[in-house]
4 protein chains.
Amino acid sequence: MTLVLSELSQDIQNAVQATREEVAALHAELPANNLVVWTAGNVSSRVPGADLFVIKPSGVRYDELSADAMVVCTLDGNKIVDGTPDRLSPSSDTAAHAYVYRHMPEVGGVVHTHSTYATAFAAVHRPIPCVLTMMGDEFGGEVPVGPFAIIGDDSIGRGIVETLRESRSPAVLMANHGPFTIGKNATGAVKAAVMVEEVARTVAAAEQIGTLVPVAQEHIDSLYDRYQNVYGQH
Amino acid sequence: MTLVLSELSQDIQNAVQATREEVAALHAELPANNLVVWTAGNVSSRVPGADLFVIKPSGVRYDELSADAMVVCTLDGNKIVDGTPDRLSPSSDTAAHAYVYRHMPEVGGVVHTHSTYATAFAAVHRPIPCVLTMMGDEFGGEVPVGPFAIIGDDSIGRGIVETLRESRSPAVLMANHGPFTIGKNATGAVKAAVMVEEVARTVAAAEQIGTLVPVAQEHIDSLYDRYQNVYGQH
Amino acid sequence: MTLVLSELSQDIQNAVQATREEVAALHAELPANNLVVWTAGNVSSRVPGADLFVIKPSGVRYDELSADAMVVCTLDGNKIVDGTPDRLSPSSDTAAHAYVYRHMPEVGGVVHTHSTYATAFAAVHRPIPCVLTMMGDEFGGEVPVGPFAIIGDDSIGRGIVETLRESRSPAVLMANHGPFTIGKNATGAVKAAVMVEEVARTVAAAEQIGTLVPVAQEHIDSLYDRYQNVYGQH
Amino acid sequence: MTLVLSELSQDIQNAVQATREEVAALHAELPANNLVVWTAGNVSSRVPGADLFVIKPSGVRYDELSADAMVVCTLDGNKIVDGTPDRLSPSSDTAAHAYVYRHMPEVGGVVHTHSTYATAFAAVHRPIPCVLTMMGDEFGGEVPVGPFAIIGDDSIGRGIVETLRESRSPAVLMANHGPFTIGKNATGAVKAAVMVEEVARTVAAAEQIGTLVPVAQEHIDSLYDRYQNVYGQH
């Protein structure tokens with residue numbers, strides 16, 4: 001049985017519409033922050049109050065991503081009858097997003113890019129070492145590498161979830177693939193996608209000009225605690 | 001005998017006009033994606049239903065590239081009487097584009113740039129190794145290097161065709177020169193030009209921070225097959 | 001006792017308003033010069049004729065930084081009742097800015113960023129060596145590294161002041177953190193933030209392609225003297 | 001005796017006005033091509049039919065460079081009474097430009113930048129080796145390094161002229177300083193400034209990923225001859 005958006009409650013329809021607008025607007029952040037080229041990359045957001053999420057359609061250019069083009073999916077990753085044309089199928093990475101939503105109830109948004117430096121670390125299967133106070137703040141330590149996995153089953157989603165569960169980081173570098181990031185909401189996941197590229201670029205540059213000096217674990221803990229708890233409340 | 005555009009059938013004139021508009025619009029993608037500086041780089045497109053192609057005029061800046069300035073050529077690479085001023089000669093790379101159209105009937109578009117990282121691989125005669133799932137998708141393996149060749153005869157065109165025929169890749173890095181890309185149409189060739197620079201930049205960065213981990217051939221085959229056959233149909 | 005802006009003299013209120021407009025406008029220079037992403041980075045300016053300074057609010061995106069959103073602080077780093085909503089607290093780096101204003105009376109503006117290459121030098125605790133005549137002009141020698149320090153007390157501010165007092169440079173690279181820059185006014189501090197990233201990027205590139213050639217001390221002295229004294233007067 | 005613009009012939013006044021507009025417009029190319037930050041960099045142009053040249057004023061930001069702000073100088077590098085306010089003095093690099101105009105009568109335009117990669121080669125006193133066909137076209141071989149020289153006498157101008165006279169290249173990398181480029185007119189000098197940064201960036205990237213393969217001298221000669229003589233006429 002396929003869900004039909006126009007048959008759902010008005011509250012859910014309103015929440016879907018608001019989520020579509022938010023996700024469409026957030027997609028503009030990806031090219032603005034030089035995280036994507038052509039049609040690569042995608043943002044999704046859970047729909048508050050429903051077992052649904054909204055994601056970018058497959059193969060559409062960034063300047064054509066209006067709210068109306070955003071695809072609505074169940075948590076199994078299947079598109080519902082959402083008012084978009086049949087030719088708009090959800091992103092080819094939808095199964096990975098859906099797996100995250102099913103297994104991490106605290107996650108409200110997921111982002112995937114192939115941003116240059118984060119993907120470079122992924123290509124050499126190397127975590128980004130915590131050598132910046134900003135990494136203590138945002139990632140609470142190194143940014144971990146997830147397993148090699150290819151599209152076709154749940155292996156990408158499972159790799160993301162298993163890696164993130166063992167880390168404070170909201171970003172995982174999937175091996176030979178690229179970063180996936182999560183957040184309490186889609187804006188948080190986009191912010192993590194921006195920050196992981198920023199620290200990857202900085203650390204890559206640092207390694208060319210000297211020997212990386214790690215931040216001590218006690219300082220990482222202190223930075224992370226303050227940023228997530230104290231700073232976050234103001 | 002020189003062809004005169006206004007003496008051809010109305011269908012062909014219409015197809016030429018549509019192709020000129022498409023090629024002019026696609027040229028804007030080159031600076032937008034940071035693939036070219038000044039007047040470097042060129043896009044061409046076969047005219048559907050005619051033994052003609054449309055290409056950028058030589059030495060014209062990107063902000064002056066209107067549809068009307070695009071030059072129409074026969075498959076021998078000679079400009080026809082196309083309504084543009086005589087001072088607008090076709091790109092100095094026209095012979096290479098023409099050679100591709102004559103020898104690869106499945107090709108509908110050709111792009112040439114000197115994009116930084118793809119050209120850097122060309123300067124050291126090194127293929128871009130397949131260390132990213134995105135390369136499996138788009139290139140079906142490594143991006144090959146073509147022979148050293150200079151303008152003046154068919155040697156550039158021949159080098160492009162011979163290299164691409166032995167590869168799944170729609171991009172070839174001509175030695176000491178830069179990338180040429182092909183597509184079923186001009187948009188596909190522009191996409192390949194964008195993607196080859198993207199993967200070249202990522203792989204160059206990766207090599208500075210660790211040891212490249214290749215994607216296994218079976219996974220490359222699987223990715224390429226899915227992307228070209230399954231994904232491509234939706 | 002908390003200061004209330006609307007109870008201060010009209011002259012001071014006018015000076016505060018002018019400073020807010022200047023600081024808001026200068027924040028636009030940070031993303032325009034690719035020095036910051038998301039909400040990172042901050043500019044502050046001393047208010048002429050008052051023991052106050054104006055600084056960016058915490059956690060606000062760059063496209064929302066109007067003059068009215070700028071926060072007014074005493075030289076202890078405490079926000080006064082300045083007409084902004086309570087939710088707008090001053091930047092989390094405010095204590096460091098305040099420390100500089102208290103201990104360096106000649107300083108009228110302070111800027112902090114995490115710009116990529118300056119921060120890369122900070123991550124390896126390496127000063128930027130003076131290998132460019134432009135560095136002689138602007139920095140009077142190498143750009144020094146400050147101590148590792150984290151938020152919570154005066155240690156960042158103290159590290160900035162102690163390092164800058166022993167140098168001609170208006171920029172210090174705080175270890176594992178990023179650059180702080182000063183100026184006679186906020187524009188000067190922003191200029192120093194732009195220039196330190198520029199020379200960091202150039203020197204990082206230079207080291208990849210050869211052996212750095214230092215500028216002799218006598219030439220550095222000559223360049224610095226001319227630029228600060230002769231050139232500065234015209 | 002100081003020249004007064006309004007007392008010169010109407011033809012010269014017209015030529016000055018046209019040159020001012022051209023030079024102001026060309027300055028926009030410098031930030032658009034990422035060759036400069038803040039107020040760095042300058043373009044000058046000889047005034048056709050007069051022993052005068054037009055150059056950027058010192059210390060003015062790029063968004064304030066109108067035609068009326070351009071300064072008119074004699075070939076000795078002294079500002080004439082040109083209608084601009086006294087506070088607008090010519091660029092601090094004016095003496096170097098003037099020296100070039102006095103000693104290279106075939107030169108109609110001069111550009112100076114601190115563009116990142118060209119300046120990086122200058123910081124290590126290394127010519128940019130000719131490993132790209134584009135370098136054969138534009139530079140006729142490697143891009144040479146000029147001597148170390150600092151502001152205050154004719155040593156920068158002399159270093160530029162002596163280096164360029166022994167080379168086909170329109171660009172010289174002044175040691176520890178940055179590139180100076182020349183052209184038949186100012187547009188040509190700007191193009192050379194764009195191209196020298198482009199090839200510097202590409203060659204720097206190439207060296208990180210493999211061993212540079214030089215272009216053979218006979219091919220360089222052939223490329224240069226065709227580009228300058230054949231291609232240039234069409």
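Contact here means heavy atoms within 4.5 Å. The model is predicted: local features need pLDDT of at least 70, side-chain atom pairs count only at pLDDT 80 or more, and totals for chains, interfaces and linings use all residues. Residues are numbered from 1 along each chain as its sequence is written, chains are lettered from A and ligands numbered from 1 in the order in which they are written, and side-chain values use heavy atoms, with hydrogens and water left out.

Start with Thr133(C). Thr133(C) touches Val215(C), Leu223(C), Phe148(D), Ile150(D), Asn176(D) and His177(D), leaving out residues up to four places away in sequence. Its place is in helix α5 of chain C, residues 133-139. Helices (H or I, at least four residues) and strands (E, at least two) are DSSP runs, numbered from the N terminus. Thr133(C) counts as buried, at 6% relative accessibility. Buried means under 20% relative accessible area, exposed means over 50%, and partly exposed lies in between (1.4 Å probe, protein chains only). Pro214(C) is 81 residues from Thr133(C) along the chain, yet their C-alpha atoms are separated by 9.7 Å.

Stay in chain C and turn to helix α3, residues 94-103. Of its 10 residues, 7 are buried, so the helix is largely enclosed by the rest of the structure. The buried residues of α3(C) are Thr94(C), Ala96(C), His97(C), Ala98(C), Tyr99(C), Val100(C) and Tyr101(C). What covers them? The cover includes the chain C strands β1 (42-46), β2 (52-55), β3 (71-74), β4 (109-112) and β7 (178-183). Helix α6 (155-165) of chain C is also included.

His27(B) lies in helix α1 of chain B, residues 10-27. His27(B) is buried, with a relative accessible area of 1%. Its side chain reaches the backbone nitrogen of Val43(B) at 2.9 Å. Leaving aside neighbours within four places in sequence, His27(B) is in contact with Asn42(B), Val43(B), Lys56(B), Tyr62(B), Leu65(B) and Met70(B).

Now the arrangement of the copies. Two copies of a chain are related by a rotation about an axis and a shift along it. Copies are superposed by least squares on the C-alpha atoms of residues with pLDDT of at least 70 in both. Chain C can be laid on chain A with an RMSD of 0.0 Å, by a turn of 90° and a shift of 0.0 Å along the axis. The two copies are thus related as by a four-fold rotation axis. In chain C, the C-alpha nearest the axis belongs to Gln208(C), 5.3 Å from it. Only 4% of the interface residues of chain C are also interface residues in chain A, so these copies meet through different surfaces.

Chains D and B give their own superposition. A rotation of 90° with 0.0 Å of shift along its axis superposes chain D on chain B, with an RMSD of 0.0 Å. Of the residues of chain D, Gln208(D) comes closest to the rotation axis, with its C-alpha at 5.3 Å.

Look at the interface of chains C and A. The contact takes 25 residues from chain C and 28 residues from chain A. The area buried between them is about 2400 Å², and carbon and sulfur atoms give 65% of it. Buried area is the accessible area (1.4 Å probe) that two parts lose on being put together, summed over both. The rule finds 1 salt bridge across this interface. Arg61(C) and Glu29(A) meet in a salt bridge through their side chains (3.1 Å, N to O). A salt bridge is a side-chain nitrogen of Lys or Arg within 4 Å of a carboxyl oxygen of Asp or Glu. On the side of chain C that touches chain A, the elements giving two or more residues are α4 (116-123) and α7 (186-209) of chain C. The largest share of that side, 6 residues, comes from α4(C).

Glu29(D) forms a salt bridge with Arg61(B), the closest N and O atoms being 3.1 Å apart.

Definitions and conventions. A polar contact is a pair of N or O atoms within 3.5 Å; within protein, one must be able to donate a hydrogen and the other to accept it, and residues adjacent in sequence count only if both atoms are side-chain atoms.
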